[in-house]
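Dear colleague,

Please find below the sequence and structure that I am handing over to you. My notes on the structure come after them.

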Amino acid sequence: MAVKIGLVGTGTVGGGCIDIILKHGDAFRRHFGIDLELARVCSLSSEEAEAHGVGHLFTDNFNNIINDPEIDIVVELIGGTTIARTVVLNALAAGKNVVTANKALMATHGKEVMDAAAAAGKELAFEASVGGGIPIIDPLKHSLIANEITSVMGIVNGTTNYMLTRMADNGLSYEDALAEAQAKGFAEADPTADVGGFDAAAKIAILASIAFNSRVTLDDVFTDGITNITPVDIEAARDMGYVIKLLAIAHRREGGVDVRVHPTMIPESHQLATVNGVFNAIYVVGDFVGETMFFGEGAGAGAAASAVMGDVLEVARHIQQGVAPMVGCTCTDELPILPMDELVMRYYLRFSVTDRPGVLETMAGVFARHNISVKSIVQRGRSGAERVDQVVVTHRCSERDIREALEEALSLDNVVLDTPSVIRVEE
């Protein structure tokens with residue numbers, strides 16, 4: 001008996017899913033005994049469905065999929081947290097299994113949709129919501145569950161990784177790197193979700209929830225993007241033996257969960273330091289397995305569609321074999337989210353300052369007043385210019401002290417000229 005699929009969203013990823021079903025459907029039957037049938041596809045326009053050869057299956061009303069009693073699995077690929085939320089919740093209420101790639105939905109309404117799946121006795125699968133084609137949610141839910149996971153961190157946004165790679169390897173400015181990423185289709189016309197760190201924040205909220213068995217939402221994640229990174233920062237990091245990456249970080253600590261996204265300096269010897277271009281990598285540490293890393297393409301039609309269809313096939317297998325939902329919500333603990341202000345680490349700070357006598361001493365005094373031990377202060381720039389870059393590297397200190405020092409520095413009259421660059425150091 002065929003397992004019937006209703007696809008909501010026929011864009012880049014949805015089109016990839018259609019292509020996979022049409023190309024590999026016979027192989028799925030032959031190798032795995034899974035007979036998939038694409039029953040209906042939904043979008044605002046029929047053009048994409050027709051371009052992929054399934055125009056005859058088109059509907060512009062997702063309720064025609066939800067209310068079709070023959071459809072077994074609804075695949076939601078429209079994104080966002082409004083209509084997509086309605087599609088997912090209504091599909092579950094109608095007795096459908098759901099597969100989604102929606103990171104924003106899972107990071108903000110994860111508990112609601114997981115509870116809805118449990119109440120309906122149906123599966124909710126969302127591998128493609130993090131890491132594109134990289135298998136990470138399934139390993140965390142299955143292969144690594146014998147461990148207490150202590151850390152999950154990684155490069156989970158291909159746009160920013162591409163930009164930082166071009167800045168490091170070719171000396172591009174932030175603006176030029178962004179323009180190139182947009183021209184190549186790696187960045188949206190409005191790149192805020194990527195360069196602001198919000199895309200990565202949604203993904204680490206999902207990963208932390210699974211890894212630590214405790215609910216983490218998007219609002220819990222401290223988020224800082226790469227918009228203030230310059231070639232000066234890249235060069236300074238290289239001189240120190242570090243690489244700058246936008247990292248999504250989650251650590252299980254004694255007092256709770258430390259979860260954040262920000263530009264980070266990591267040693268050149270770290271496994272993540274060599275992950276370049278549009279590639280993603282997620283680094284997981286467990287108490288028995290030790291260090292593991294998952295690497296691959298994090299975006300694009302093929303990578304994301306691969307993860308979506310992996311979920312579809314697994315759910316279809318369970319339907320055909322009469323297997324109950326395998327793994328539901330595992331957030332059975334309520335670990336506190338550690339306040340960012342209380343975290344202690346090393347910092348790299350770059351200030352654009354007025355080039356005049358006494359500025360160095362003034363800035364040193366700011367740090368001293370806030371109990372920040374400075375490892376080095378280096379002036380980078382041509383002597384005699386109106387402004388120069390002052391690069392400060394601290395010893396370990398608290399986020400609160402750093403923020404208070406920055407606030408004082410910005411209040412100084414005609415000293416700090418622009419918003420400082422703040423890069424945290426992860427050893």
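Predicted model: local features only at pLDDT ≥ 70, side-chain atom pairs only at ≥ 80, totals over all residues.

Residues are numbered from 1 along each chain as its sequence is written, and side-chain values use heavy atoms, with hydrogens and water left out.

**Domains**

The protein chain is assigned domain 1 (3–130 + 301–321), domain 2 (137–296) and domain 3 (341–425); such bounds come from an automatic or database domain assignment. Taken over C-alpha atoms, the centres of domain 1 and domain 3 are 50 Å apart.

**Strands and helices**

Helices (H or I, at least four residues) and strands (E, at least two) are DSSP runs, numbered from the N terminus. Two strands pair if DSSP finds at least two bridges between them. An open sheet is formed by six strands in the order S3-S2-S1-S4-S5-S6, with parallel pairing. Strand S3 (58–59) and S6 stand at its edges and have a single partner strand each, so one side of each is left without a neighbour in the sheet. Within this sheet, six bridges link S1 and strand S2 (residues 36–42) in the parallel sense, and Val-8 stands opposite Cys-42 in S2.

Two helices may be described together with these strands. H1 lies across S1 and S2 and runs at about 165° to S2. Helix H4 (residues 83–93) packs on the sheet, where it touches S1, strand S4 (73–76), strand S5 (97–100) and S6, and its direction makes about 170° with that of S4. Contact here means heavy atoms within 4.5 Å; axes are lines fitted to C-alpha atoms, for helices over the stretch in contact, and angles run from 0 to 180 degrees between N-to-C directions.

A further pairing involves strand S11 (residues 279–286) and strand S12 (residues 290–297), which are antiparallel over eight bridges. A hairpin of three residues joins S11 to S12, and Asn-280 has Gly-296 in S12 as its bridge partner.

**Cavities**

On a 1 Å grid over the protein atoms alone, a cavity is a set of points where a 1.4 Å probe fits but cannot get out, and a pocket is an open set with protein on both sides within 12 Å along at least five of seven lines; lining residues have an atom within 4 Å of a point. Grid points are joined across faces, edges and corners, and a volume is the space filled by probe spheres set on the points. By this rule there are two cavities of 30 Å³ or more.

The largest cavity holds about 140 Å³ of space. Its lining comprises 16 residues, and Phe-126, Ser-209, Ile-210, Arg-215 and Cys-331 lie nearest its centre. Helix H5 (103–120) and helix H10 (198–212) are the elements that give two or more residues to this lining. The largest cavity lies between domain 1 and domain 2, because both give residues to its lining. By class, the lining has 10 nonpolar, four polar and two charged residues, where Ala, Val, Leu, Ile, Met, Phe, Trp, Tyr, Cys and Pro count as nonpolar, Asp, Glu, Lys and Arg as charged, and the others, Gly among them, as polar.

The second largest cavity holds about 40 Å³. Ile-5, Leu-7, Cys-17, Ile-21, Leu-38, Val-75, Met-309 and Val-312 line it, and these are eight nonpolar residues, with no polar and no charged ones. At least two lining residues come from each of strand S1 (3–8), helix H1 (12–32) and helix H12 (301–321).

**Second largest pocket**

This pocket has a volume of about 430 Å³. Among its 21 lining residues, Ala-125, Asp-138, His-142, Asp-311 and Glu-314 lie nearest the centre. H12 gives the most to the lining, with seven residues. Domain 1 and domain 2 each supply at least three lining residues.
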